[in-house]
Amino acid sequence: MSEEVWRRLLTAAGALFLVLFSLAPFLFMLLVSASGRPDFLTESVPFSVTLEHYARVLAAAELHFPRYLLNSCVVSLAAAAAAVLVASLAAYALTRLPVPSKMALLFGVLALSMFPQVSLVGHLFKMMSALHWINTYQALILPYAAWVLPLSVWIMVSYFLQIPRDLDRAAQVDGCSHLQVLARVLLPVARPGLFAVFLLAFIFCFNEFMFALMLTRDAAARTVPVGIALFEGLHGETPWGTIMAASAVTTVPVVAVTVAFQRHIISGLTRGAVKG
Amino acid sequence: MRRRPRARAGWQPGLRPWWFLLPLLLLIALFILLPVLGTFGTSFHEDTAFRGRSFNGLANYLHALRDAGFWQSLTFTLLFVLVSVPLELILGLGFALLLDRALPWRPLLRVCLLIPWAIPAAISARTWELIYNYQYGLANYILRSLGLIDAPINWLGSDVSAFFCVVIPDVWRTAPFAAIIFLAGLQAIPRQLYAQARVDGAHFLQVFWRITLPLLRPVLIVALLFRTIDALRVFDPIYVITGGGPGGATTSLSLFAYDYFASGDFGYGACISMWLFVIALVLALIYVRAARFAAEAT
C-alpha cells in the first residue's frame, strides 16, 4: 500500500514539474507584457497592470508589428497550402501509381531534411537577389513550401496507405480519372491527415527564422519571429514590456490553435516521426 | 455523369505518375538541391560582395583548418549536441513514462507539452533573454529570493553560464516534443506484457529495463538521430540570446557560417556550411550503422 502512495506522490510531483516546466516562461512573458514596469521583480514597487504595451504594439507605426503579423500569416498560409497540394499529388503517385523505385524516392526526399538550413541560405539569397525578390512574399513562400515538403509527403503517404484500395478501384470503375479519384475519394477520406499536414506546415513556416532573417531587408517585409528578435529600443534601453506584449500577441493565437487541434497535430507528428 | 469506363489512357503505366510528382520534384530541385549544389560550388571560390567571385580551389577549406573561430564554433556545436540531446531525450522519456500512466488530467498535460514546441523559437528566446537579464531577470530573482546568491549574476557574461543559457531553451523546446514521440511509442507496447511481468513479480525498474526500453528502441534511435541532426544546426536561440558571445564562446557552426553570409562573404560561409553538412552526414551514418549492428547483435 505504501508503495502505491509513493507512486502517486511521485506522479503528482512529476505532473506538477511538467506543467511548470512547459508553462513558466510563457506565463512570465504574459506577466511582463501586462506590467507597468519591467523591474517589478527587483524593485519594491507594487505590481501594476497596464495594457499600454499592447496598445503600443498594435498601434505604433514605427514598430510595424501588425505588418509583421500580416506577412507571417500570408507567407505561412500560402506555403502550407502549397505544401498540402503538392504533397497530396506526390503521395497519390507514390501510393497508387506505378512509380519506379518508390522507396528510394521516399527516402531521398527524407534525406533532404539532412541539409542544414545554413547550407541553403547563402545561395537562396543570391538567387532571390538575382530575381529581385528580396523583400517579397514569394522569396519566402517557395523555399518554405520546399522545406516542409519532405515531412508533408511522409505524413500524406502514411494516411493514403491506410485507405483501402477498393475505394479508389470502385471510383476507377466508375470512370474517374486519377485527379478525380484523388479529389473525390482520397482527399475527403484523408481529411484529418490533410488538416494535420496543413497545421504542421503552417506552424513550421510561422516559426521559421533563418531564411526570413536573410531574405528580408526592409522592416515592412519582415515576419514576426524576425521582427521580435530584432526589436531594440531607440536609446539603448531594451523595451521589454513591448517585446513581451508582441510575443504574447503572436503566441496566444498559436497556443490556442495548438490546444484546439492538438489531436491532429499529435497524430501528424507521430506519423512523421515514428513511422519514418 | 457519363464517362468512358476503363479505357482511359491515364490508367496505363507510363509517364502519368511523373506528372503527379513533378511539382514536388520541381520545388525540391529549385529550392533545396539547387541551393545546396550552389553552396557546394561557392565553397571552392572566393566570393565576396565587394571583390567578386574567383575560383580558389580548396583555399577556404584549408583556411578553416587554421581558423581559430572555426575550431571554437565546431567545439561549441559538438558540446552543445553532447549536452542538450541527452538531456532532451532523458527528460522527454520521463515525461512520456509519466503520461503513459492512466492519469486523470492526461489530455491537459499533453497540451502543455505542445506549447513550448508551438511557440516560435526566436520569440521564446526573447523571453529567455529576459529571464537571464542581469537587472530584471527571473533567474536572478528566484536565486536571490531563495538566498542562494547574494548579488545578481551576469549569466550571459561567462563562457560556462552562457553555454547553459542557450542549452536550456533548446531543452525546454524539444524535450516535450521528444516526449510526444516517445508516448506514441510507449502506447504501442502491448499492455499484456506489463501485466505478465507483474504476475511474474518483476520490479518496475526491471520492467523498464527488460520490456519498455528494448521495445522502445526503434523510436529512441529515430529520435536520437533526428535530435542530433537538429541540434547540430542550432541557430535561432543563439542568434537571439547570446549572439554567439561572449567572445564567440557560444557561436554555433550555423551562426558562424550565417555571419559570413550576412556580411557578404559567401565563399567562406559556404565552406563552413559544407563542413557542418559533412559532420551531420557522418554522425547520421554512424548512428545508422550502430543501430543496424545493435539490431543484428540481439
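This is a predicted model: local features need pLDDT of at least 70, side-chain atom pairs count only at pLDDT 80 or more; totals for chains, interfaces and linings use all residues.
Figure 1. Of the 276 residues in chain A, 55% count as buried. The chain holds 13 helices and 0 strands. The C-alpha trace spans about 75 × 70 × 35 Å along its principal axes. Among contacts in chain A with a separation of 6 or more, 73% join residues 24 or more positions apart.

**Figure 2. Surface and charges of chain A.** Chain A exposes about 11,700 Å². Carbon and sulfur atoms supply 69% of that area. The chain carries 17 positive and 13 negative charges.

**Figure 3. A:His132 in the loop between α5 and α6 of chain A.** This loop runs between α5 (118-130) and α6 (138-162). A:His132 is not a glycine, yet its phi is positive, at about 60°. A:His132 is exposed, because its relative accessible area of 69% is over 50%.

**Figure 4. A:Asn135, also placed between α5 and α6 of chain A.** Phi of A:Asn135 is near 75°, a positive value in a residue other than glycine. The relative accessible area of A:Asn135 is 26%, so the residue is partly exposed.

**Figure 5. A cis peptide bond in chain B.** The bond runs from B:Gly245 to B:Pro246, with omega near -5°. B:Pro246 is found in the loop between α10 (236-241) and α11 (253-262) of chain B.

Notes: Residues are numbered from 1 along each chain as its sequence is written. Chains are lettered from A and ligands numbered from 1 in the order in which they are written. Side-chain values use heavy atoms; hydrogens and water are left out. Helices (H or I, at least four residues) and strands (E, at least two) are DSSP runs, numbered from the N terminus. Buried means under 20% relative accessible area, exposed over 50%, partly exposed in between (1.4 Å probe, protein chains only). Contact means heavy atoms within 4.5 Å. Accessible areas come from the Shrake-Rupley method with a 1.4 Å probe; for residues, only the protein chains shown count as cover. Lys and Arg count as positive and Asp and Glu as negative; His and the chain ends are not counted. The place of a charge is taken as NZ of Lys, CZ of Arg, CG of Asp or CD of Glu.
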